[in-house]
Amino acid sequence: MLSLDVSISTYKPEGIFRVEKMLAPLTPREDVRYIVSWQEHENTPVPESLLQRKDTEIFRFEGRGLSNNRNNALDHCQGDIILIADDDLQYYPDFAEKIIDSFESNPLIDLATFKVDYENPKKYPVQDCTLNLPFPKNYFGSSVEISFRREKFKTLRFWGKMGLGNPDLSCGEDELFLISAIKRNFNCRFINKTIAKHPESTTGDCVAEGVLRGQGYIICLIYPWSSFLRIPIKAFRVSKNKNSKFLNNLKHLLEGAIKSIKKKKEIPENCRW
């Protein structure tokens, strides 16, 4: 039977209490472990309830940036399957069973993405499907939906210069991870099963400059020939939905697209194809 490691990234003293709250309802299982990477911890003591959990390991991390924090958690995982997690999810009671069963019944799958219930509902494919480029219509993967076989992903990590904590490219690290897996010819599939609820807003919902640059970067990677059309449409939709200025949105999206063209080689080999 396959084992599952849930790779949780958290930061600041209050982060460990979010982890405590997240794990409290989950009944321990012999085949599931929770690996926590804790950034900016300020030497805060670990809550007693977490210390008593035999299924949980906590590693303090001195690096910066969400992607580096994720990588630190991944480096400490030992399970057959790894699930990427944040510290504010509400996992449904059968989440581990859904993930493990999906990989056991589909031995050729290397990576699987699942569904999460978000505050702002997200569009997903209507049924299981293979993930190729471009992604299915209106679908973009999020890190907390991603699970994969650990042995297959020994040489793939999140890019430390992309994601929260990086003002230049503040999002897109999850899509880059998926793109890299697909371009390495890993067998990637979307599984139409819901594993968790994400009650807070996500990074992609905001219109910060770094977020828009990250989105422009990823659009250019996925749609190299049609990005010049897609980016203005994206800028218009953001300005309409978020009541922000079209030209300002377009400017930052284009900045990200240009970085994707000019600086693609700066992505290290273990973060790309």
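This is a predicted model: local features need pLDDT of at least 70, side-chain atom pairs count only at pLDDT 80 or more; totals for chains, interfaces and linings use all residues.
Colleague: Happy with that. What makes Asp87 and Arg18 a salt bridge?

Modeller: The term asks for a side-chain nitrogen of Lys or Arg within 4 Å of a carboxyl oxygen of Asp or Glu. Asp87 and Arg18 have an N to O distance of 2.9 Å, so the pair qualifies. Asp87 sits in the loop between strand S4 (81-85) and strand S5 (90-91) and Arg18 in helix H1 (residues 13-23), so the bridge ties together parts that are 69 residues apart in sequence. Helices (H or I, at least four residues) and strands (E, at least two) are DSSP runs, numbered from the N terminus.

Colleague: Why is Asp87 called buried, and why is Arg18 called partly exposed?

Modeller: Buried means under 20% relative accessible area, exposed means over 50%, and partly exposed is in between, with a 1.4 Å probe and protein chains only. Asp87 has 7%, so buried is the word for Asp87. Arg18 has 28%, so Arg18 is partly exposed.

Colleague: How many salt bridges are there in the structure?

Modeller: The structure holds 17 of them. Another example joins the side chains of Asp168 and Lys259, at 3.1 Å from N to O. Asp168 lies in the loop between S8 and H5 and Lys259 in helix H8, so this pair links parts that are 91 residues apart in sequence. Asp168 is partly exposed, at 34% relative accessibility.

Colleague: What makes Arg213 and Glu209 a salt bridge at 3.8 Å?

Modeller: The closest N and O atoms of Arg213 and Glu209 are 3.8 Å apart, and that is within the cut-off, so the label holds. Arg213 and Glu209 are four residues apart in helix H6 (residues 209-222), which means that about one helical turn separates them. Arg213 is buried at 10% relative accessibility, whereas Glu209 is partly exposed at 44%.

Colleague: Which residues are linked in a network of salt bridges?

Modeller: The network links Asp168, Glu209, Arg213, Lys251, Glu255 and Lys259.

Colleague: Now the cysteines. How do you know that the structure holds zero disulfides?

Modeller: A disulfide is a pair of cysteine sulfur atoms within 2.5 Å. For Cys129, the closest cysteine sulfur is in Cys188, 11 Å away, so that is too far for a bond. For Cys220, the closest cysteine sulfur is in Cys171, 14 Å away, again too far. The count for the structure is zero. Cys220 is also buried, at 8% relative accessibility.

Colleague: What makes Asp80, Glu97, Asp101 and Glu104 a patch of negative charge?

Modeller: Patches are made of residues with over 30% relative accessible area and no salt bridge, where like charges are joined within 9 Å and nonpolar side chains (Val, Leu, Ile, Met, Phe, Trp, Tyr) within 5 Å. Lys and Arg count as positive and Asp and Glu as negative, with His and the chain ends not counted. Asp80, Glu97, Asp101 and Glu104 are therefore negative, and they gather on the surface. Asp101 belongs to helix H4 (residues 95-105).

Colleague: Which residues make the nonpolar surface patch?

Modeller: Phe236, Phe246 and Leu247 make the nonpolar patch, with an area of about 320 Å². Phe246 lies in helix H8 (residues 246-262).

Colleague: Last topic, the backbone. What kind of peptide bond joins Leu133 and Pro134?

Modeller: A cis peptide bond joins Leu133 and Pro134, with omega about -5°. Pro134 is in the loop between strand S7 (129-130) and strand S8 (146-149).

Colleague: And why is Asn185 called exposed?

Modeller: Asn185 has 69% relative accessibility, which is over 50%, so Asn185 counts as exposed. Phi of Asn185 is near 65°, a positive value in a residue other than glycine. Asn185 sits in the loop between helix H5 (173-183) and strand S9 (188-198).

Definitions and conventions. Residues are numbered from 1 along each chain as its sequence is written. Side-chain values use heavy atoms; hydrogens and water are left out. Accessible areas come from the Shrake-Rupley method with a 1.4 Å probe; for residues, only the protein chains shown count as cover. The place of a charge is taken as NZ of Lys, CZ of Arg, CG of Asp or CD of Glu.
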